[in-house]
There are 2 protein chains.
Amino acid sequence: LLLCLFAGALSIPDPRLREALIQLEASMQTGGEMVLTDAEQRLDARLCKLKQEEMVRADFPPAMHFFKARDLIRTSPMFSLLQKMPKGGALHVHDFSIVDTEWLVKNVSYRPHCYMCFTDNQSVRFTFLSRWPKRLPHCSPWTLLENLRAQTINVTDLDNSIMGNLTLFTQQDPETVYPSQDAVWDRFEQTFLALWGLVTYAPVFRDYYYRGLTQFYMDNVMYLELRALLPGIYELDGSTHDTAWTLKTYQEITRQFTADHPDFFGARVIFTVHRGVNISVMTAAVEEAMKLQRDFPDIMAGFDLVGREDRGRPLWYFRDALSLPVERGVTLPFFFHAGETDLEGTEVDQNLLDALLLNTSRIGHGFALLRHPVAKDISRKREVAVEVCPISNQVLKLVNDLRNHPAAALMSESHPVVISADDPAMFGASGLSYDFYEAFVGFGGLRSHIGSLKQLAINSIRYSSLTRKQQEKALALWQRRWDKFVSENAF
Amino acid sequence: LLLCLFAGALSIPDPRLREALIQLEASMQTGGEMVLTDAEQRLDARLCKLKQEEMVRADFPPAMHFFKARDLIRTSPMFSLLQKMPKGGALHVHDFSIVDTEWLVKNVSYRPHCYMCFTDNQSVRFTFLSRWPKRLPHCSPWTLLENLRAQTINVTDLDNSIMGNLTLFTQQDPETVYPSQDAVWDRFEQTFLALWGLVTYAPVFRDYYYRGLTQFYMDNVMYLELRALLPGIYELDGSTHDTAWTLKTYQEITRQFTADHPDFFGARVIFTVHRGVNISVMTAAVEEAMKLQRDFPDIMAGFDLVGREDRGRPLWYFRDALSLPVERGVTLPFFFHAGETDLEGTEVDQNLLDALLLNTSRIGHGFALLRHPVAKDISRKREVAVEVCPISNQVLKLVNDLRNHPAAALMSESHPVVISADDPAMFGASGLSYDFYEAFVGFGGLRSHIGSLKQLAINSIRYSSLTRKQQEKALALWQRRWDKFVSENAF
Ligand SMILES: [Zn+2]
Ligand SMILES: [Zn+2]
């Protein structure tokens with residue numbers, strides 16, 4: 001409409017037209033049309049001031065690598081406000097990166113029967129076993145950590161070196177330690193293998209998940225959708241449980257946690273399989289997923305593939321397996337990672353469109369979406385939300401300065417997005433607040449405001465896998481917490 | 001249309017629909033609908049193979065800083081093809097950065113009466129004068145370069161150190177030398193001051209411009225729109241000419257060059273003023289511009305402001321001065337730099353919208369355009385082309401990996417764009433081919449093809465300041481050269 005006014009011939013710019021166009025653009029952004037209460041407006045004034053303070057700093061955190069920016073962020077008044085803010089749900093987080101690494105070392109690795117060995121490529125492996133474990137290929141013989149610590153003079157050093165193996169986070173210069181995407185992804189996979197033996201031990205598995213929920217809860221996240229590999233969890237005698245057991249355990253602990261914390265809404269699980277598998281393994285996984293979806297409809301949210309897109313097989317390679325549910329008339333929602341790539345125009349770069357063709361419910365990352373106008377249009381029209389994980393994209397070297405993150409463009413036109421954390425413990429983060437900081441201060445720019453934050457929180461419930469009815473309930477719970485947050489922090 | 005087909009309920013993905021959507025997306029990109037001749041298709045196959053070879057390199061040049069990537073690019077077969085390609089016009093280049101620095105040192109600084117001094121902040125200044133020049137503040141006393149060279153043992157070292165002062169390019173690690181936007185812009189301005197005394201000396205000025213045209217001509221660029229400050233050019237006796245003289249000299253040398261090279265189409269000048277000036281200086285400059293536009297309609301293309309946007313005054317600050325031409329019913333086309341910034345939501349970030357409100361004919365850089373959906377829409381609908389200068393944006397630290405350049409998104413949906421070089425000599429580049437390489441291999445991705453290149457060349461004529469009639473003539477000339485290029489290189 002305003003654009004029509006603007007279609008005329010050469011004229012002196014009209015300040016009212018200018019103001020109207022500025023307002024139009026502002027209203028188009030995520031949360032741009034949100035009507036704010038008086039208290040929200042007061043809180044917004046405070047947020048705006050804090051944001052300006054962040055932007056005039058010599059070291060502007062969103063322009064820096066997160067490993068260097070973390071302490072600056074954590075100690076900023078903006079961050080403490082964002083931490084207190086009820087952020088709704090975390091819709092893109094992976095099972096074994098939700099608890100801080102320190103706990104894995106200081107608590108888990110101190111438990112009895114914990115063995116460790118050193119791999120040829122300078123990583124470590126762990127296992128718990130009632131007897132001495134059999135030696136692994138490409139590994140040193142196992143040592144009981146208890147014995148190793150007893151023989152070690154500086155146990156703190158030992159623990160720190162173990163900790164360094166369980167996260168990508170480092171105090172050294174991240175550009176030197178991880179010079180390329182290949183380098184950082186290789187370390188990512190080694191780190192994952194390192195913590196595997198710790199977190200898949202049944203007693204730890206339960207505690208780990210409970211503690212993960214606690215960390216998100218403490219960060220004022222009220223709901224989780226966990227991408228989970230549902231591996232065979234093992235006991236001290238070496239026996240392992242089946243997939244259903246793992247899922248059931250997630251369900252039990254979620255129930256227990258929700259009972260302990262009535263203002264936490266719950267969690268659901270997206271069953272994930274590595275995209276490196278072959279077609280028959282994928283087919284079996286989809287079959288299993290359909291079964292789980294039928295048997296555990298409350299906790300099971302759907303299905304996804306994980307692992308580095310650039311190196312794995314594209315979705316289209318698995319199209320037959322992934323078409324099984326529709327063929328059989330069985331419900332199995334998809335939540336595909338897609339477009340977490342720089343390789344424009346390659347087979348992998350088709351994942352975005354293929355995810356949509358396969359009726360994905362959301363898109364994990366969607367970093368390449370701006371380069372795919374057709375996929376972008378479908379995602380917008382069908383409200384297939386993009387799960388934006390800024391810190392993950394930066395650490396895994398898709399983008400350097402987070403002001404250039406494609407979500408800046410997506411949010412400027414209210415594309416359906418949610419903010420998530422992917423693998424917070426791996427990146428030295430925790431909960432959602434660090435990613436909210438990057439989104440709000442980094443690619444939100446000065447224009448984004450409390451309405452944007454509110455919209456992002458609401459999106460995280462609206463685009464969740466919850467039923468409409470559950471969403472209403474969750475929104476009501478969130479609104480109560482939000483009102484409390486606003487009234488306590490607006491002055 | 002296809003999207004309607006796709007609106008249905010859950011279904012197995014149809015490979016034909018998929019293919020159609022892929023084709024739709026491919027056709028939406030810059031040049032995506034170009035109909036190719038047989039010869040063009042053969043050349044395209046070759047280009048495609050070359051591009052794939054570039055993409056599998058361990059060091060992918062567009063992901064690297066240009067200073068590190070330059071030699072890789074220059075020695076690539078892709079680059080030699082792009083060099084031979086008739087690229088049309090260069091619509092965004094600045095007056096004193098079009099000739100390689102080596103010539104300034106090896107030729108210009110060896111001319112008689114050339115004085116040099118050293119500034120307090122480790123830069124240099126030059127002047128030509130028939131008598132000994134007066135000492136400058138914050139500078140060492142002047143030395144005649146001829147004398148200095150006679151006293152110097154290693155003249156090569158001296159010349160190299162002078163050369164280092166006349167360009168940003170460095171063999172050292174660019175991230176270390178230029179750690180921030182402030183650092184690189186400060187050096188940019190110092191470098192500019194250093195070469196000022198050389199290039200504004202009348203005999204050099206003429207040679208410099210002729211040589212600049214030669215460099216673009218050798219790079220198969222047939223037309224130039226030069227943003228020029230039109231400074232007072234000085235003679236050996238210290239006297240200076242007025243602005244009209246400078247513009248007239250541009251006109252004379254352009255005519256001479258075109259006479260010497262009949263397949264070169266010509267050049268026009270966009271008069272530029274530094275955005276750091278105050279309102280009365282700006283008003284006087286606009287008055288002067290209107291006069292020049294009236295007196296030299298052939299060579300004068302229009303008006304623009306230069307200098308770092310983040311530190312200068314926003315366009316809106318000068319709205320009264322910039323409205324003068326429309327108020328008086330006088331034609332003065334604008335070619336505003338706008339959106340060369342990361343400071344989303346600030347006053348400076350309004351330049352994009354304001355440039356459009358002021359009826360700009362093109363947008364210089366428009367790096368922030370994706371974050372401004374209203375401005376983007378107006379630019380698209382009114383065909384206000386964006387002058388994309390990839391290497392400039394990388395060196396001046398707006399973007400690191402050029403695959404993330406916003407023009408990737410703009411080109412994926414045929415937004416009106418042209419590729420240009422901004423200040424090639426400053427960045428160690430020359431002509432347009434390096435920037436075409438970054439655009440085609442970097443943000444074009446595998447999908448962009450010879451149609452994209454052809455469209456970019458055609459855009460550079462269509463979006464030029466030439467009249468329709470001149471454009472037709474230029475296009476005909478370009479087409480002959482293009483056909484020759486295709487037939488010589490398709491096999
Ligand atoms: Zn993920
Ligand atoms: Zn420029």
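Predicted model: local features only at pLDDT ≥ 70, side-chain atom pairs only at ≥ 80, totals over all residues.

Trainee: How many salt bridges does the structure hold over all chains?
Mentor: Counting over all chains, there are 56.

Trainee: Let's pick one. Which residue does Arg362(A) form a salt bridge with?
Mentor: Its partner is Glu225(A), and the closest N and O atoms are 2.8 Å apart.

Trainee: Nice. What about Arg111(A), which side chain does it meet in a salt bridge?
Mentor: That one is Asp207(A), at 2.8 Å from N to O. The pair links distant parts of the chain, 96 residues apart: Arg111(A) is in the loop between helix 6 and strand 2 of chain A, while Asp207(A) is in helix 11. Asp207(A) is partly exposed, with a relative accessible area of 34%.

Trainee: Where do Arg462(A) and Glu472(A) lie?
Mentor: Arg462(A) is in helix 20 and Glu472(A) in helix 21 of chain A, so their pair ties together parts ten residues apart in sequence. They form a salt bridge with the closest N and O atoms 3.1 Å apart. Arg462(A) is partly exposed at 26%, and Glu472(A) is partly exposed at 40%.

Trainee: Switching to the interface: what area is buried between chain A and chain B?
Mentor: About 5,200 Å², with carbon and sulfur atoms giving 62% of that. Chain A and chain B each bring 58 residues to the contact.

Trainee: How many salt bridges go across the interface of chain A and chain B?
Mentor: Two are found there. Arg18(B) forms a salt bridge with Asp354(A), with the closest N and O atoms 2.5 Å apart. There are also 16 residue pairs in polar contact across the interface.

Trainee: Which element gives the largest share of chain A's side?
Mentor: Helix 2 of chain A does, with eight residues. By class, the side of chain A that touches chain B has 31 nonpolar, 13 polar and 14 charged residues.

Key
Residues numbered from 1 in each chain as written. Chains lettered and ligands numbered in written order. Heavy atoms only, no water. Salt bridge = Lys/Arg side-chain N within 4 Å of Asp/Glu carboxyl O. Helix = DSSP H or I, 4+ residues; strand = E, 2+ residues; numbered from the N terminus. Buried < 20%, exposed > 50% of the residue type's maximum accessible area, 1.4 Å probe, protein only. Contact = heavy atoms within 4.5 Å. Buried area = accessible area lost by both parts, 1.4 Å probe. Polar contact = N/O pair within 3.5 Å; in protein donor to acceptor, adjacent residues only side chain to side chain. Nonpolar A, V, L, I, M, F, W, Y, C, P; charged D, E, K, R; others polar.
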